[in-house]
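Some terms in a structural description rest on cut-offs. The questions below ask what stands behind each of them.

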Amino acid sequence: MFLIAQVARAQITLNLALNNRPQPWLSDWVNPVNGQMIISYMMGAALNDPSVKLKTTLLDERGSIIGVSNINSARIYTLRPGVNQFSIADALQLQNLALQGNLQNLLQRTGRLTAGQYQLMVEVMNTRGDVVRAIQTRPFFITSYQLPILMQPASGSSLDAHLAQNIIIFRWTNLIPSSQELIQYRVQVFEILPGQTAMQAFRGNRPLLDEPAIRGTTQYIWRPNLPMLDSTANKQFIWTVQTLDAEGLPIPGMDMNIQGRSEPAIFSIVNQMGTMDMKRKNEDPIKR
Amino acid sequence: MNYPTKIALFMALFLAFESNAQEKKKPISIGGDMGIWYDGYGLNKAPSSAVPDFYQARRPSNLFRYSFNPTIAVGKWNIPLNFNFSPIQTNLTTPSTSLGGKQSIWQFLTNPVNNFGIRPKIGTTEILLGTQYLKYSDLSTGDLGVFGYGVNLAPGKFRIKLFNGVSQRPVNYLAPTIIPLSDGVTGAYQRNQWMGQLGLEKEGKYFAGINFVKSIDKLSSISSAPLSPIDPQENMVVSFLTKVTTDKGWNYHVELGQSFYTRNLNTPLSSSPVEDFKPFISSHTSTNKDNAVMLGIAKKGKDWEAGAKFNYYGAGYYTAGYPFMNNDRMEYLANTRFNAWKKKMNVVASIGQRFGNLSRISGPSLTKQIIANVNVFTQFTDRFSMNTSFNNFGFNVPGFFGYKSVSNELSVNPAYAWINSEMSHLISGTYTWSKYDETTLNVMTNNNTQTALILYVPTFFNKKISPDFSLMWFRNTAPSITLNLLSATSGVTWEPAPKINLKAQLQYNLSTMAPFTANKHLLATSGFDWDIYKKLTWQFSMTVNLYRFGTELPGSLFTPAYSGSPGYSESTLRTGLQYKF
């Protein structure tokens with residue numbers, strides 16, 4: 001019996017080439033960037049059934065099981081002699097994977113796992129699910145980024161025209177978690193033209209400012225050199241920060257856009273000539 | 001059937017139905033305005049072929065914008081039109097349609113920069129055609145313009161709103177090329193959006209209703225699909241909203257929302273991990289479902305106002321109506337506004353805290369943010385007033401890869417005015433102190449900023465000229481960087497004739513980044529507002545920027561080396577004609 005099992009195993013070899021930092025959305029694991037699974041099948045003399053099922057087990061960093069696929073509802077694959085290529089999504093079997101407790105709830109809510117170290121174990125089984133024909137385990141690390149939050153000028157704030165036409169300071173929070181690679185922040189400011197909504201200007205206008213901040217800093221001092229005392233122009237702006245990785249590609253955040261752009265903020269320019277105007281002076285600078 | 005056909009059919013059916021409701025024809029009246037605006041921009045650089053390119057053009061060379069916003073009243077019909085459009089594409093955060101900037105009529109109509117909206121209304125029935133910016137609620141939809149058709153009905157206390165349209169125009173993907181050098185076009189799927197609201201309302205008293213918003217990317221809308229990660233998406237939000245205002249000045253606001261979001265419609269259909277929401281959503285492996293809550297309470301008194309709000313957005317809560325919404329957070333905010341000291345003092349204050357990474361998918365720790373702000377304005381005498389404000393922002397992520405930033409800003413702004421028989425004088429000063437400390441990977445950096453501004457405004461009672469003068473000083477010190485700026489500005493407005501107002505402003509500043517010599521900058525702007533006829537106004541403004549770099553950007557760095565000081569001159573012309581009906 002032991003000999004038969006060895007012969008049977010010898011017919012199938014499993015190679016799980018998993019990126020050790022795969023994309024955080026598990027449904028994205030179909031993308032080649034996350035790696036691939038290769039099952040090599042050599043016709044053997046003793047047992048040459050080409051039909052197999054996969055059993056997937058997800059373990060945490062301590063090796064405790066946190067999720068197992070249902071072998072009964074697993075898809076049956078018929079292997080071709082030689083090399084059979086699969087995506088990592090095939091190895092993960094997301095539609096057939098049951099996670100434990102809070103992780104299943106988190107997966108339903110976000111499509112992701114909590115940040116941390118995990119292990120993916122894949123077993124190639126016979127169709128009855130009682131004989132393991134090949135097995136491999138690979139570790140991986142999951143993390144998702146939260147894009148910077150714009151701090152200053154705060155959304156809804158009003159800036160004095162005399163100051164703002166010389167200097168506007170933009171500040172934002174760091175990318176979370178801090179990245180070990182050199183990331184780049186680009187500050188983008190759009191003028192809201194008369195008759196436009198803020199989001200319309202953001203989606204349709206060319207930015208007045210589209211400049212990188214000094215690497216490693218979360219502040220940009222803009223010298224606008226724009227006339228802001230006149231009532232006809234430069235009265236309202238919408239700004240954002242775009243976060244780019246070392247290759248200049250947007251870092252995906254938590255929003256729907258995959259542009260690496262933080263939730264934008266609006267600020268207005270007011271001419272403080274009417275300094276004695278009590279009502280104007282007491283506009284709420286932070287409206288959220 | 002495409003959208004223009006649907007809109008025309010919808011309009012025809014509705015007019016046929018409503019024609020019976022019209023009474024005798026009444027005279028036609030028209031209000032509103034129309035206009036044309038032109039922005040011209042020019043940039044000259046010295047040296048002109050500098051490498052690297054040290055300054056980029058920041059506006060398009062020519063930009064025409066047209067507006068046509070009349071409100072036509074015919075009998076019982078009231079028909080506001082909102083046409084604001086430009087034939088030139090200037091999109092950045094949404095893709096332009098092609099390398100040459102050409103767009104089809106459909107892409108022109110659905111370009112987010114353009115509005116083509118009509119909202120005919122009769123009685124309690126309002127028809128919505130073309131581009132509409134519809135805000136149903138904070139958790140459903142409100143940010144985006146949608147081009148399509150719909151209706152608002154308000155029979156009695158019932159409120160029924162329906163709309164169907166396109167919130168994102170289709171753009172074909174174009175690959176980058178080397179010859180000719182091109183970044184290509186990112187591409188986008190057409191996003192169709194359905195929206196509905198069903199509620200009960202008594203104006204000024206209460207509203208209670210349910211909002212539905214569904215959006216789906218149309219795969220067949222483009223012939224060349226964008227590359228991943230721009231995948232076709234689907235989203236649906238259902239929210240319950242209620243708002244109550246009592247006679248005693250209390251306001252209550254509650255909204256509960258649930259969203260279904262499929263990140264990629266190309267992933268396999270699967271009822272796991274999220275079950276289908278039939279008949280609206282067939283789940284894929286990339287579908288998730290989450291909730292959001294907004295609560296608010298406020299009380300308004302005679303000389304005061306106070307409120308508190310609480311918001312929660314689950315990490316998987318998405319709505320196509322607010323595509324940049326920041327989720328995975330919980331926050332509370334308390335704010336107040338009151339008068340004191342015989343109404344001579346006005347105070348506005350708020351304090352709040354925001355917690356992020358509730359799901360822990362970005363690390364083991366919560367992010368914590370504090371926002372505190374207070375603004376006090378005091379009118380000590382008729383002549384002397386003072387405004388003081390203090391802002392504090394703090395952000396903290398504990399842990400080895402943590403991050404911390406604290407920003408404190410104090411601003412004092414006294415103003416003194418005096419008057420004689422011929423003129424009044426106003427002197428206003430502003431001093432701002434700002435400190436910004438940041439700790440990343442256990443390395444702390446400090447930013448200190450000081451700003452001082454003094455402003456003098458004389459007003460002549462018997463002259464039609466009004467000048468103002470200001471001086472400003474700014475200093476920012478940060479690790480390895482010290483920036484100083486000195487600026488002098490003078491402006492003047494002059495009314496040479498009753499219908500014309502001339503304006504001019506001159507500003508000169510020196511900015512120095514130690515240890516380099518100063519950059520010099522001159523800004524000159526002039527223009528006028530002229531009521532040419534009773535209903536026709538012409539606005540004109542011309543601005544010139546002359547900028548010369550100091551040793552911060554030496555010409556010797558360029559290839560080939562430039563012997564002079566690099567600089568640029570920038571001219572902006574903005575003019576518009578506006579006609580009021």
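Q: How many residues of chain A are in contact with chain B, and what makes a pair count as a contact?
A: In this predicted model, 79 residues of chain A are in contact with 111 residues of chain B. A pair counts because the C-beta atoms, placed from the backbone, lie within 7 Å.

Q: Which elements of chain A give two or more residues to the side that touches chain B?
A: They are α3 (101–110), β10, α4 (161–164), β12, α5 (198–204), β15 and α6 (278–281) of chain A. Of these, α3(A) gives the most, with 6 residues.

Q: What confidence does the predictor attach to the complex?
A: The complex has an ipTM of 0.92 and a pTM of 0.91.

Q: What does the pLDDT say about chain B?
A: Chain B averages 91, on a scale that runs from 0 to 100. A score of at least 70 is reached by 94% of the residues. Where pLDDT is low, the predicted coordinates should not be read in detail.

Q: Why are β10 and β15 of chain A called edge strands?
A: The open sheet has the order β10-β12-β15 in chain A, with antiparallel pairing. β10 (150–152) and β15 (219–222) each have a single partner strand, so one side of each is left without a neighbour in the sheet. From one strand to the next, the twist averages 25°.

Q: How do you know that β12 and β15 of chain A pair?
A: Pairing requires at least two bridges found by DSSP. Strand β12 (residues 168–172) of chain A and β15(A) have 4 bridges in the antiparallel sense, so they count as paired. In one of the bridges, A:R171 has A:Q219 of β15(A) as its partner.

Q: What makes β2 and β6 of chain A a pair?
A: Strand β2 (residues 35–41) of chain A is joined to β6(A) by 6 bridges and runs antiparallel to it. The requirement is at least two bridges, so the pair qualifies. A:S40 stands opposite A:V83 in β6(A).

Q: What makes a group of residues in this model a nonpolar core?
A: The members are buried nonpolar residues of the listed types, joined through C-beta atoms within 7 Å. The largest such core has 72 residues, and A:V187 and A:I238 have the most contacts inside it. A second, separate core of 24 residues includes A:W25, A:W29, A:L54 and A:L79.

Q: Which residues does A:I238 touch, leaving out those up to four places away in sequence?
A: A:I238 touches A:F190, A:I192, A:A198, A:A201, A:F202, A:P264 and A:I266.

Q: What share of chain B counts as buried, and what puts a residue in that class?
A: Of its 581 residues, 32% count as buried. A residue is in that class because 20 or more other C-beta atoms lie within 10 Å of its own.

Q: Where are the domains of chain A, and what separation do their centres have?
A: Domain 1 covers 2–142 and domain 2 covers 150–281. Taken over C-alpha atoms, the two centres are 46 Å apart.

Conventions:
Residues numbered from 1 in each chain as written. Chains lettered and ligands numbered in written order. Predicted model: local features only at pLDDT ≥ 70, side-chain atom pairs only at ≥ 80, totals over all residues. Buried ≥ 20, exposed ≤ 12 C-beta atoms within 10 Å, placed from the backbone. Contact = placed C-beta atoms within 7 Å. pLDDT = per-residue confidence, 0-100. Axes fitted to C-alpha atoms, helices over the stretch in contact; angles between N-to-C directions. Domains from an automatic or database assignment.
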